[in-house]
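Please examine the structure shown below before reading on.

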Amino acid sequence: MNSGNSSYLKFPFCFAIWEALRIDTDDKDPKKQYIDAIVRVLSRGFNCDTNSSIVMALVGAVLGYNNIPNYFRNKIINSSKIPSSKRTRSYSAANIVELVN
């Protein structure tokens, strides 16, 4: 593997693991923890779209599907309805619920 390209994923995964380790599973407001993790990673700058998508995925997996705020779940589920999306239906994020069940 070309080591020059690996740095594009090194930071996002470090951020994601750091945020996942910060999760308090006894916290009464896991949705706030999800949003706080996103705000922290976005405030770090760098490659914000990649960083936040990886952090959101890992933190969401730790917290559980039902603890991801509805706003974010709806954006993912309805992403295939965006006209500019070039994804085929089988690769759409809208299928994620079907795929994990």
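Arg40 is partly exposed, because its relative accessible area of 25% falls between the limits for buried (under 20%) and exposed (over 50%), computed with a 1.4 Å probe on protein chains only. The model is a predicted one, in which local features need pLDDT of at least 70 and side-chain atom pairs count only at pLDDT 80 or more, whereas totals for chains, interfaces and linings use all residues. Residues are numbered from 1 along each chain as its sequence is written, and side-chain values use heavy atoms, with hydrogens and water left out.

The side chain of Arg40 meets that of Glu19 in a salt bridge, with 2.6 Å from N to O; the term denotes a side-chain nitrogen of Lys or Arg within 4 Å of a carboxyl oxygen of Asp or Glu. Glu19 lies in helix α1 and Arg40 in helix α2, so the pair ties together parts that are 21 residues apart in sequence. Helices here are DSSP runs (H or I, at least four residues), numbered from the N terminus. Glu19 is buried, because its relative accessible area is 0%.

Arg44 is partly exposed, with a relative accessible area of 29%.

The whole structure contains three salt bridges. One of them joins the side chains of Lys32 and Asp36, at 2.8 Å from N to O. Because these two residues are four apart in helix α2, about one helical turn separates Lys32 from Asp36. Lys32 counts as partly exposed at 45% relative accessibility, and Asp36 counts as partly exposed at 26%.

The largest nonpolar core has 13 residues, of which Tyr34, Val55, Val59, Leu63 and Phe72 touch the most other members. Such a core is a set of buried Ala, Val, Leu, Ile, Met, Phe, Trp, Tyr and Cys residues joined through side-chain atoms within 4.5 Å. Two or more residues of this core come from each of α1 (3-22), α2 (30-43) and α3. Leaving aside neighbours within four places in sequence, Leu63 is in contact (heavy atoms within 4.5 Å) with Ile23, Pro30, Gln33 and Tyr34.

Ser52 has its place in helix α3, residues 48-63. With 11% relative accessibility, Ser52 counts as buried. Beyond its neighbours within four places in sequence, Ser52 is in contact with Val41 and Leu42.
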